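Visitor: Hello! I would like to learn how to read the features of a model like this one. Could we go through it together?

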Amino acid sequence: MNRFPILKIVITHLTSRKRQTIVSMLGVTFGITVFIFQAGVITGLQDFFIEKTINSTAHIQIYQDKNQKSPPILRNAYSEDETWISVQNIKSKNELPKLKRGLQIVEILESYPEVTGVSPSLSTQAIFKIGVADVSGIINGVDIRKENRLFDLEQDMVSGSIIRLETVNNGIILGSGLAESLGAILNDNITVVSPGGVALQMKVVGILNTGLRELDDSRAYSSIRNAQKLMNVTGNYITNINIKLADVDQSSKLASEFQTRFGYTAEDWKVTNEGIFSVFRIQNIVTYLVIISILLVSGFGIFNILSMMIYEKMNDIAILKSIGYTDIDIRNIFLQEALIIGFIGGIFGLMIGFVLSWITSIIPTNIEGFVSSEYLNINFDPVFYLMAFVFGLVATGIAGYLPAKKASKIDPINIIRSN
């Protein structure tokens with residue numbers, strides 16, 4: 001059968017019931033708008049957090065896990081499987097989290113072609129005091145030039161300079177949240193007290209804001225030497241080695257290799273932030289379930305409207321079949337009606353979703369949470385737009401196929417006899 005008469009019939013059906021056609025299109029438009037907007041907001045926030053995490057934390061961190069038990073030393077003398085070893089009154093050993101041969105490990109790591117930067121450090125809990133205010137946090141002793149090469153700290157400085165950590169005796173850089181809690185500003189003198197009771201007078205030489213709330217509220221930087229003074233340890237004492245990689249996707253493989261080679265825990269950034277990524281996965285599941293539910297409701301709406309249209313067009317279907325239209329032609333008429341509703345509704349959904357997302361992205365929100373951001377970060381990835389449009393078209397196609405198939409099975413003789 002010629003396609004043009006079929007298309008003309010399709011247009012006539014859709015325009016003769018304008019209200020139902022518009023309602024069906026609005027259902028698809030609404031579903032795709034929600035898809036675009038919600039997916040853009042959720043994944044935009046997640047991408048922003050991941051980017052901040054990758055830039056502000058180590059891709060791999062090597063440290064001594066105090067909870068990891070070492071094998072009994074007697075196993076070296078009695079290694080046979082059938083030998084039973086019983087030691088009475090075992091006393092726990094008070095081990096410091098020091099990395100033995102830490103500086104040699106740093107040199108070895110720097111020789112890896114995949115590694116772009118290595119920074120040794122030591123960290124400890126501390127109490128920061130100024131006037132009557134005191135706040136607990138973590139002080140990191142670092143080589144500030146190496147640390148800056150890894151995390152680009154200079155870019156996050158809101159006042160002061162990272163170089164002053166080398167030039168000012170007992171200098172300290174505070175996270176913005178920590179400085180705010182203390183009420184400290186640049187060049188203020190504060191007192192830092194370690195868990196061992198060692199107190200050190202330090203001058204604030206810089207304040208930085210990474211955008212990661214947890215870090216900014218608790219982290220401070222000093223030189224390695226000052227951190228060693230606070231911990232009352234010797235000059236080669238380090239507790240952590242932070243590593244940056246050229247390809248962040250190799251972090252899991254290299255972390256496993258480093259752990260086997262050096263005998264210390266090597267943790268990649270995905271494991272470190274596993275809790276947050278679990279929340280993201282749940283968030284994604286909920287988001288897609290909501291979107292699918294909306295599109296399913298839209299699909300049922302199209303199904304109902306086409307079913308009613310078929311009921312009302314029984315005589316037309318009988319006449320069409322009587323003059324030579326086949327079952328396939330009849331099915332195609334109603335299937336094309338569903339697809340046209342899905343296509344036009346989908347196009348409007350994409351446009352409204354994009355405009356809504358763009359307007360939202362330029363409204364100042366001053367987000368404070370996992371991350372700090374002045375504006376909401378929206379993901380405008382074209383893949384989402386393609387997915388939404390294809391999914392909407394498939395949903396309307398399925399919703400239209402069943403009534404279209406039912407229409408193609410109508411026997412014209414029964415319709416004419418009933419009339």
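Guide: Gladly; let us begin with the record. For "transmembrane region", the unreviewed UniProt entry lists residues 21-45, 285-311, 338-363 and 383-402. UniProt positions are given in the numbering used here, feature names are shortened, and annotations may be inferred rather than shown by experiment. As for the source, this is a predicted model, where local features need pLDDT of at least 70, side-chain atom pairs count only at pLDDT 80 or more, and totals for chains, interfaces and linings use all residues. Residues are numbered from 1 along each chain as its sequence is written, and side-chain values use heavy atoms, with hydrogens and water left out.

Visitor: What percentage of helix does the chain have over residues 383-402?

Guide: Helices (H or I, at least four residues) and strands (E, at least two) are DSSP runs, numbered from the N terminus. Over residues 383-402 the chain is 100% helix and 0% strand, with its end C-alpha atoms 29 Å apart. Residues 338-363 are 92% helix and 0% strand, and there the end C-alpha atoms are 37 Å apart.

Visitor: Which strands pair with β8?

Guide: Two strands pair if DSSP finds at least two bridges between them. Strand β3 (residues 133-142) runs parallel to β8 over five bridges, and I138 has R219 of β8 as its bridge partner. Strand β5 (residues 171-175) is antiparallel to β8 and joined to it by two bridges; here L174 stands opposite A220.

Visitor: Is β8 (residues 219-223) mostly covered or uncovered?

Guide: Buried means under 20% relative accessible area, exposed over 50%, and partly exposed in between (1.4 Å probe, protein chains only). In β8, five of its five residues are buried, so the strand is mostly covered by that definition.

Visitor: Why do the buried residues of α4 line one face of the helix?

Guide: In α4 (residues 144-151), the buried residues are I144, E147, N148, L150 and F151. They line one face because, seen down the helix axis, they fall within an arc of 160°, taken from the directions from the axis to the C-beta atoms. After α4 comes D152, with a positive phi near 50°; D152 is partly exposed, at 37% relative accessible area.

Visitor: Which side chain of opposite charge is nearest to D268?

Guide: Lys and Arg count as positive and Asp and Glu as negative, while His and the chain ends are not counted. A salt bridge needs a side-chain nitrogen of Lys or Arg within 4 Å of a carboxyl oxygen of Asp or Glu. D268 is buried yet has no salt bridge, and the nearest side chain of opposite charge, K270, is 5.8 Å away.
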